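Have the structure open while you go through them.

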Amino acid sequence: MITKLGKSLHKILPFLLGSLAAGAINGLFGMGGGIVIYFMLSKLYAQSDEYDAKDIFAMTVISVLIMSLSSVFLYFSSGAFSLSDALPYMLPAVLGGIAGAFALSYIKTSLLKKIFAAIMVYGGISLIFRK
């Protein structure tokens, strides 16, 4: 029994620690936790026929929602964030999220991966060279 638990813990522990890191990154930067979750889930389900990249993107959205709501609650309760500041971009973001979720079923997985990679590269380069 203990050996079985040790093997299970050995498999699960990296994902628990990765999830903790994702939450911390999301809390610190207001973004980025989903990237960690996506790569963890990709690794977890790499050899699985059960989930493909589109499923992993969808599962990541749920994780991002939970991390973001936690961060918003803490930011809002500490006074670091006001709803009136966020209102101008909240509705367009929601509409974009709906459009993206709808488009997900029409985009080939290989193209989706390339789009995601391009966004990550662009974002990383922009952060490095921003003054």
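1. Ground rules. This is a predicted model, where local features need pLDDT of at least 70 and side-chain atom pairs count only at pLDDT 80 or more, while totals for chains, interfaces and linings use all residues. Residues are numbered from 1 along each chain as its sequence is written, and side-chain values use heavy atoms, with hydrogens and water left out.

2. Overall fold. Helices (H or I, at least four residues) and strands (E, at least two) are DSSP runs, numbered from the N terminus. Along the principal axes, the C-alpha atoms fill a box of roughly 55 × 40 × 30 Å.

3. Of the 131 residues, 15% count as buried; buried means under 20% relative accessible area, exposed over 50%, and partly exposed in between (1.4 Å probe, protein chains only). Taking contacts (heavy atoms within 4.5 Å) with a separation of 6 or more, 53% are between residues 24 or more positions apart.

4. The largest pocket. About 1200 Å³ of space lies in this one. A pocket, on a 1 Å grid over the protein atoms alone, is an open set of points where a 1.4 Å probe fits, with protein on both sides within 12 Å along at least five of seven lines; lining residues have an atom within 4 Å of a point. Grid points are joined across faces, edges and corners, and the volume is the space filled by probe spheres set on the points.

5. Its lining. There are 35 lining residues in the largest pocket, with Val61, Val64, Ser68, Ala93 and Gly97 nearest its centre. The elements giving two or more residues are H2 (33-44), H3 (53-78), H4 (83-104) and H5 (109-129), and H3 has the largest share, with eleven. By class the lining is 25 nonpolar, ten polar and no charged residues. For the classes, Ala, Val, Leu, Ile, Met, Phe, Trp, Tyr, Cys and Pro count as nonpolar, Asp, Glu, Lys and Arg as charged, and the others, Gly among them, as polar.

6. The second largest pocket. Here the space comes to about 270 Å³. Its lining includes Ile25, Phe29, Met31, Ile119, Met120 and Arg130. H1 (2-29) and H5 each supply at least two of the lining residues, and the largest share, six residues, is from H5. The lining divides into seven nonpolar, four polar and one charged.

7. The kink in H4. Where does H4 bend? A kink of about 40 degrees lies at tyrosine 89, shortly before proline 92; the bend is the angle between axes fitted to the seven residues ending at a residue and the seven starting there. H4 has 22 residues and reaches 29 Å from first C-alpha to last, close to the 32 Å expected at 1.5 Å a residue (that is, 1.5 Å times one less than the number of residues).

8. Threonine 60 sits in H3 and counts as buried because its relative accessibility is 7%. Leaving aside neighbours within four places in sequence, threonine 60 touches Gly34, Ile37, Tyr38 and Leu41. Serine 71 is also placed in H3, and at 12% relative accessibility serine 71 counts as buried too. With neighbours within four places again left out, serine 71 is in contact with Asn26 and Gly27.

9. Two exposed loop residues. Is glycine 79 buried or exposed? Glycine 79 lies in the loop between H3 and H4 and counts as exposed, because its relative accessibility is 60%. Glutamate 50 lies in the loop between H2 and H3 and, at 56% relative accessibility, counts as exposed. Glutamate 50 and glycine 18 are 32 residues apart in sequence and 22 Å apart in space, C-alpha to C-alpha.
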